[in-house]
Amino acid sequence: MTRSRHLPLLRQRLAAIRSQRPPAVRSPVAVPSPARALSTQSWATPAPDASLVPLPHASSSKLTLDAPFDVDLSASFGLASFAHEDELLASLLAAPAHTSAWLDPVSAYLGLRASSLFTHHLALLAPHAGSVYARLRPAGLHGLLVSDLLLRHPDVPALRSILDSEALSATASDKRPARPRPHARLRSSLVAQAHAVLRPHLAARRLAPLGRRTNLLVARALMDADTHLNLSALLDVYWALVAQTSWAPDSAWPLLAIIAHVARYAPAEAATALQYPLALGKLPAAALGKSSAAHPRARELAVLAIVLRTALAWRMPQRAHALADRVLGIVAAARPAPAPHAELLLLQTARAMLADATPANIAWAGAFLARFKDVAHVPASTVDLYLSAIRPRQSAVALLEFPRAASPATALRAASALPSRAVLAAALPSLLSPAARAQQPAALRLFAQARHPLLPKLWTACAAHATLTAETAIALVRALLKLRDRQAALSVLHAYERAPPAPDDAATLHARLLLSLPVDAGVVGRAIANRAALDMIVAQSPHLIPKLQELAPRFRPDPVLAVASACARGVWSALGSAPHGRAEGYVGALRAARSNKLARAFRLFAAAAEAAPLAISPALAPTAAALMRRARLNARWDIGLRVWTAAMRAGDDGVEDAAAALLRACRAAHGDVGDDVRAEVAAALEGLGEVARERARAILHDAGFAQAGRAEDGAGDA
């Protein structure tokens with residue numbers, strides 16, 4: 001009954017074979033049996049049946065053999081199901097030039113595995129294991145062959161030839177890393193199990209010693225397993241390699257890698273293994289040094305320190321990186337146990353990488369020092385070496401990691417590259433030190449430009465010995481008044497007036513007018529004689545025009561600037577004295593604002609700011625302040641923010657008070673602005689310099705304008 005049930009299926013397959021038969025090709029494969037089955041004819045076979053699935057590879061609960069079986073082999077195995085076992089065996093043993101055109105080695109081997117006599121066939125293949133292994137490698141089945149040998153027929157010569165072949169192939173692939181092959185290397189677990197079979201024979205000298213390449217292959221496999229169970233086998237491989245090594249750096253490093261691996265589990269055995277190269281002088285003299293004997297893992301640290309110093313002496317940075325990371329992990333895990341010599345070695349390693357100054361070494365040193373500072377103190381010299389090796393803006397960000405370790409010169413360099421509030425605050429401890437006198441004048445200008453809240457603290461430390469220029473004194477007075485510290489601003493003026501040489505009259509006049517102090521008549525007379533100095537005062541502080549006109553009635557500032565300054569103070573009647581014929585520009589914007597046509601006023605102002613920015617017309621700042629004042633009174637928050645945005649884009653930094661008043665009024669009135677205005681503010685802040693952006697952020701923060709602050713923060717982060 002069973003045979004008759006399968007006859008229709010057999011007839012269908014025979015018909016399919018006849019219909020797909022190509023011209024006959026003579027097969028060169030020798031067939032031991034005179035009788036040939038129908039399925040062994042040398043024409044193309046039909047597609048395999050989906051029910052024909054290969055048997056799973058050998059496995060065992062006693063041995064860990066993770067042979068690769070992640071390739072699709074169903075099609076190849078289907079072809080082998082039509083062949084005789086003798087043909088399959090002959091196809092595997094035949095030379096590649098004499099292999100059957102339709103039966104490949106992969107199909108043949110999988111067909112043999114499906115046989116009940118597979119163990120017998122495996123014994124016949126064992127003397128030719130090297131050639132069979134090479135033929136199965138391209139398809140990724142070489143690991144399956146090794147697994148089958150280990151479980152069914154652990155033949156010592158076969159496994160030896162396979163390891164030698166694998167070592168040779170691994171060396172060749174290392175020389176051609178640009179062309180990797182799929183499934184190229186044998187799994188480490190299989191290499192370890194094959195060596196476990198060979199090891200008793202090697203120890204009893206019944207087998208010739210393995211070559212250097214094979215020993216290196218086995219050592220890598222045993223270390224990949226990363227377990228203490230393989231330590232004795234790994235040490236055997238180490239002593240075998242000792243006799244095969246010339247102790248040149250590239251040749252000797254695998255032995256030191258074995259010692260470093262053994263030190264993780266058996267420091268005493270690692271120290272014993274290290275005695276041989278040390279006693280014979282195979283390692284450089286710089287490898288020896290002091291060790292931290294009081295540490296709980298002192299012996300392991302001593303072994304790793306010798307290996308790390310050797311890597312530094314042999315200029316092997318990548319290997320030194322891994323060893324230094326491991327030593328740092330040991331030191332950090334045992335805190336607060338003292339390890340001064342290990343910490344010193346780690347700092348020397350970081351400095352050596354920074355001295356080499358390759359991008360990879362600098363990046364590693366930065367990440368390493370960031371972790372090291374959590375374990376021990378990082379000296380300022382090492383931090384300076386790192387911050388000097390990277391770009392200025394990168395050093396500003398890195399300064400946040402080492403706020404108290406950088407030297408004054410390095411801290412000032414980093415803060416100048418990115419003068420944000422956080423970076424300036426991180427640089428302040430270094431700039432307050434007694435050794436920072438040479439950098440403090442530049443630091444004062446930097447903090448004043450940023451209007452940093454810590455400026456009074458820095459000035460207090462510098463007041464006794466600071467040498468101020470006219471530009472620095474005016475910047476400090478303006479910044480301290482913005483920070484509402486009048487006493488500090490007065491001390492700046494007194495220090496400037498007392499310090500030799502004689503102070504500049506225009507600067508003295510400017511500072512005293514800012515502080516609302518009386519001015520000597522002689523100073524006024526000499527300052528008014530310098531028209532360029534007065535124009536500079538008016539450009540920087542247009543709100544001082546009325547005071548200047550009181551002191552010097554004959555002084556006539558720019559008429560547009562005078563009108564805009566009056567409107568910024570709320571005196572809109574000054575527009576009556578505006579020059580005729582100036583309907584456009586800043587005067588036209590002011591006239592539109594007086595008529596409450598704020599949209600038109602903004603358009604005129606934006607066009608004028610683009611055509612005549614702050615560097616050309618000093619009227620930009622008071623005009624912007626007047627328009628923002630008018631927008632605040634009319635609750636037109638969107639217009640006010642757009643004016644501020646246009647002023648910032650034109651380079652204006654003198655409308656902070658007007659912007660802060662506008663934002664505070666908007667917040668108090670529970671006002672809101674559209675998303676388009678937020679986007680404009682964010683885009684404008686993104687295009688500003690670092691100092692101006694920090695000022696804008698401070699204004700938004702101080703005014704409590706949280707929603708605009710979030711939009712601005714996103715632009716600042718970008």
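The legends below describe an overview and several close-up views of a predicted model.

Residues are numbered from 1 along each chain as its sequence is written. In this predicted model, local features need pLDDT of at least 70 and side-chain atom pairs count only at pLDDT 80 or more, while totals for chains, interfaces and linings use all residues; side-chain values use heavy atoms, with hydrogens and water left out.

**Figure 1. Overview of the protein, with 38 helices and zero strands.** Helices (H or I, at least four residues) and strands (E, at least two) are DSSP runs, numbered from the N terminus. The protein has 718 residues, and 47% of them are buried. Buried means under 20% relative accessible area, exposed over 50%, and partly exposed in between (1.4 Å probe, protein chains only). A contact is a pairing of heavy atoms within 4.5 Å. Among contacts with a separation of 6 or more, 65% are between residues 24 or more positions apart.

**Figure 2. The largest nonpolar core and the surroundings of W459.** A nonpolar core is a set of buried Ala, Val, Leu, Ile, Met, Phe, Trp, Tyr and Cys residues joined through side-chain atoms within 4.5 Å. The largest one has 165 residues, and those with the most contacts inside it are Y109, L145, Y386, L444, W459 and L509. Helix 12 (residues 249-265) supplies nine residues, the largest share of this core. A second, separate core holds 48 residues, including L575, F605, C666 and L700. In soluble globular proteins, nonpolar side chains tend to be buried together.

**Figure 3. Helix 11 against helix 13.** Helix 11 (residues 231-242) and helix 13 (residues 267-279) have axes 12 Å apart and pack at an angle of about 0 degrees. Helix 11 is therefore roughly parallel to helix 13. Axes are lines fitted to C-alpha atoms, for helices over the stretch in contact, and angles run from 0 to 180 degrees between N-to-C directions. Angles under 35 degrees count as roughly parallel, over 145 as roughly antiparallel, 65 to 115 as roughly perpendicular and the rest as oblique. From helix 11, the residues L235, Y238, W239 and V242 meet E269, T272, A273, Y276 and P277 of helix 13. Seven residues of this contact are nonpolar, one is polar and one is charged. Here Ala, Val, Leu, Ile, Met, Phe, Trp, Tyr, Cys and Pro count as nonpolar, Asp, Glu, Lys and Arg as charged, and the others, Gly among them, as polar.

**Figure 4. Helix 32 against helix 34.** The axes of helix 32 (residues 598-611) and helix 34 (residues 637-649) cross at roughly 5 degrees and come within 10 Å. The two helices, helix 32 and helix 34, are therefore roughly parallel to each other. On the helix 32 side, L598, A599, F602, F605 and A609 meet I639, R642, V643, A646 and A647 in helix 34. The residues of this contact comprise nine nonpolar, no polar and one charged.

**Figure 5. Helix 30 and its buried residues.** Helix 30 (residues 559-568) is largely enclosed by the rest of the structure, because seven of its 10 residues are buried. These are V560, L561, V563, A564, S565, A566 and C567. C567 has 0% relative accessibility and so counts as buried. After helix 30 comes G570, with a positive phi near 95 degrees.

**Figure 6. L89 in helix 3.** L89 is found in helix 3 (residues 85-93) and counts as buried at 13% relative accessibility. L89 is in contact with L112, H121, L124 and L125, leaving aside neighbours within four places in sequence. Along the chain, L89 and L112 are 23 residues apart, while their C-alpha atoms are 7.5 Å apart in space.

**Figure 7. A129 in helix 6.** A129 belongs to helix 6 (residues 129-136), and its relative accessibility of 3% makes it count as buried. Not counting residues up to four places away in sequence, A129 touches L145, L149, A158, S161 and I162. A separation of 9.5 Å lies between the C-alpha atoms of A129 and L93, which are 36 residues apart along the chain.

**Figure 8. T310 in helix 14.** T310 lies in helix 14 (residues 298-313) and counts as buried, at 0% relative accessibility. Apart from neighbours within four places in sequence, T310 is in contact with L256, L283, P284 and A287.
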